[in-house]
Amino acid sequence: MHLTEKRIGFIGTGKMGESLIRGILASHSEITLNASDVYKPALERLNNELGINVSTDNTETIGDSDVVVLAVKPQILKGVLAAIKDSITADKLVISIAAGVPVAAIEDELNEGTRVVRVMPNIAATVAEAASAVCAGTNATDEDMEIALEMFQSIGSAITIPEKLMDAVTGLSGSGPAYIFPVIEALADGAVYEGLDRANAITLAAQTVLGAAKMVLETGMHPGELKDMVTSPAGTTIRAIRTLEESGIRAAFMNAVIESSTRSKELGD
Ligand SMILES: NC(=O)C1=CN([C@@H]2O[C@H](COP(=O)(O)OP(=O)(O)OC[C@H]3O[C@@H](n4cnc5c(N)ncnc54)[C@H](O)[C@@H]3O)[C@@H](O)[C@H]2O)C=CC1
Ligand SMILES: O=C(O)[C@@H]1CCC=N1
């Protein structure tokens with residue numbers, strides 16, 4: 001059974017729900033997507049722009065779906081689960097993308113035996129470049145994991161991990177795009193300071209980040225080795241590297257990942 005044979009329902013069409021919907025539709029235009037939210041204008045916009053089925057009634061969306069993606073905030077997930085429990089019948093696969101919320105906490109709110117998969121994607125799903133990690137719940141079958149991996153691999157890359165590493169993944173790739181957007185803005189600021197116009201500065205900054213990422217992924221070389229390829233003796237780059245190191249760039253990014261992971265753990269308490 002492939003993803004395209006499944007009807008997918010989204011509970012919550014906020015930033016991440018919409019990002020997933022757009023990414024999945026871009027790679028599977030024929031797929032049936034249903035979505036519900038408490039905010040009607042957002043649903044109407046999605047219906048108008050993308051032609052997906054929408055409802056303000058979560059149970060209606062679930063009734064019409066084989067796979068149910070939970071895309072509401074972690075803080076309200078428990079209440080949402082209590083309200084939809086009876087509509088999550090044994091034939092449905094539940095996928096949660098809620099940061100920090102353990103599979104066990106979701107299973108506890110649903111009927112015994114419910115098949116749950118937990119995923120941490122990121123906002124780059126919008127452009128089919130998400131980095132996602134997937135882990136199986138107690139009752140998830142091999143086919144459930146295949147469906148989840150197919151879904152998230154269709155909108156970027158997706159790996160399988162043990163659940164204990166989900167907080168680390170949340171700190172790295174779940175939150176990660178938000179660490180890089182200010183980097184792009186700041187790189188552009190530097191060039192604007194030196195006289196480049198803003199639009200060109202942002203284009204060059206973003207393409208530089210994209211190109212560097214692609215080199216890591218496609219050459220398989222260590223990032224340090226790639227850095228050395230750019231860094232000529234007594235050249236321009238090493239002057240910049242020294243000032244970045246003096247600013248504590250490595251500790252700053254390491255600490256960002258660790259802080260986000262810590263918050264993810266707190267959300268699960
Ligand atoms: N924003 C991101 O980059 C990422 C978010 N996540 C996770 O995705 C989930 C959603 O996050 P965002 O989209 O950022 O939040 P959001 O606040 O943009 O979206 C949540 C949506 O849920 C809707 N909602 C509230 N109560 C509801 C109910 N009872 N039934 C149906 N819909 C309801 C809201 O109206 C809103 O549209 C969270 O659990 C978050 O941890 C995971 C990875 C990345
Ligand atoms: O900030 C958050 O809590 C969510 C989870 C990962 C990215 N955004």
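Predicted model: local features only at pLDDT ≥ 70, side-chain atom pairs only at ≥ 80, totals over all residues.
Helix α8 covers residues 177-193. At 1.5 Å a residue, its 17 residues should span 24 Å, and the end C-alpha atoms are 24 Å apart, so the two values agree. Gly 195 follows α8 and has a positive phi, near 115°.

The record places "domain: Pyrroline-5-carboxylate reductase catalytic N-terminal" (unreviewed entry) at residues 7-100. Here the composition is 44% helix and 22% strand. The end C-alpha atoms of residues 7-100 lie 26 Å apart.

Two ligands were examined. The shell around ligand 1 holds 27 residues. Gly 12, Gly 14, Met 16, Ala 98 and Ala 99 come nearest to ligand 1. Two helices, α1 (15-27) and α4 (74-84), each supply at least two residues of this shell. By class, 16 of the shell residues are nonpolar, eight are polar and three are charged. Ligand 2 is surrounded by Ala 99, Thr 170, Gly 174 and Ser 175. The shell of ligand 2 has one nonpolar residue, three polar residues and no charged ones.

For "binding site", UniProt (unreviewed entry) lists Ile 11, Gly 12, Thr 13, Gly 14, Lys 15, Met 16, Ala 71, Val 72, Lys 73 and Pro 74. These residues span 64 residues in sequence, yet no two of their C-alpha atoms are more than 14.1 Å apart, so they gather at one spot.

Thr 13 lies in the loop between β1 (7-11) and α1. Thr 13 counts as buried because it has 25 C-beta neighbours inside 10 Å, against a threshold of 20 or more. Leaving aside residues up to four places away in sequence, Thr 13 touches Glu 18, Ile 21, Ala 35, Asp 37, Ala 42, Leu 43 and Leu 46. Ala 71 is found in the loop between β4 (67-70) and α4. Ala 71 also counts as buried, because 25 C-beta neighbours fall inside 10 Å. With residues up to four places away in sequence again left out, the contacts of Ala 71 are Phe 10, Ile 11, Gly 12, Gly 14, Met 16, Gly 17, Leu 20 and Ile 97.

Helix α6 (residues 142-153) has 12 residues. From its first C-alpha to its last, α6 reaches 16 Å, close to the 16 Å expected at 1.5 Å a residue. Asp 144, Ile 147, Ala 148, Met 151 and Phe 152 are buried in α6. Seen down the helix axis, the buried residues of α6 fall within an arc of 120°, so they line one face of the helix. An α-helix has 3.6 residues a turn, so residues three or four places apart point the same way. On the other side of α6, Asp 142 and Glu 143 are exposed. The buried residues of α6 pack against one helix, α1, and against the strands β4, β5 (93-96), β6 (115-120), β7 (130-136) and β8 (156-160).

Definitions and conventions. Residues numbered from 1 in each chain as written. Chains lettered and ligands numbered in written order. Near = placed C-beta within 6 Å. Nonpolar A, V, L, I, M, F, W, Y, C, P; charged D, E, K, R; others polar. Helix = DSSP H or I, 4+ residues; strand = E, 2+ residues; numbered from the N terminus. UniProt positions renumbered as here; feature names shortened; annotations may be inferred. Buried ≥ 20, exposed ≤ 12 C-beta atoms within 10 Å, placed from the backbone. Contact = placed C-beta atoms within 7 Å. Expected span 1.5 Å × (residues − 1). Arc of directions from axis to C-beta.
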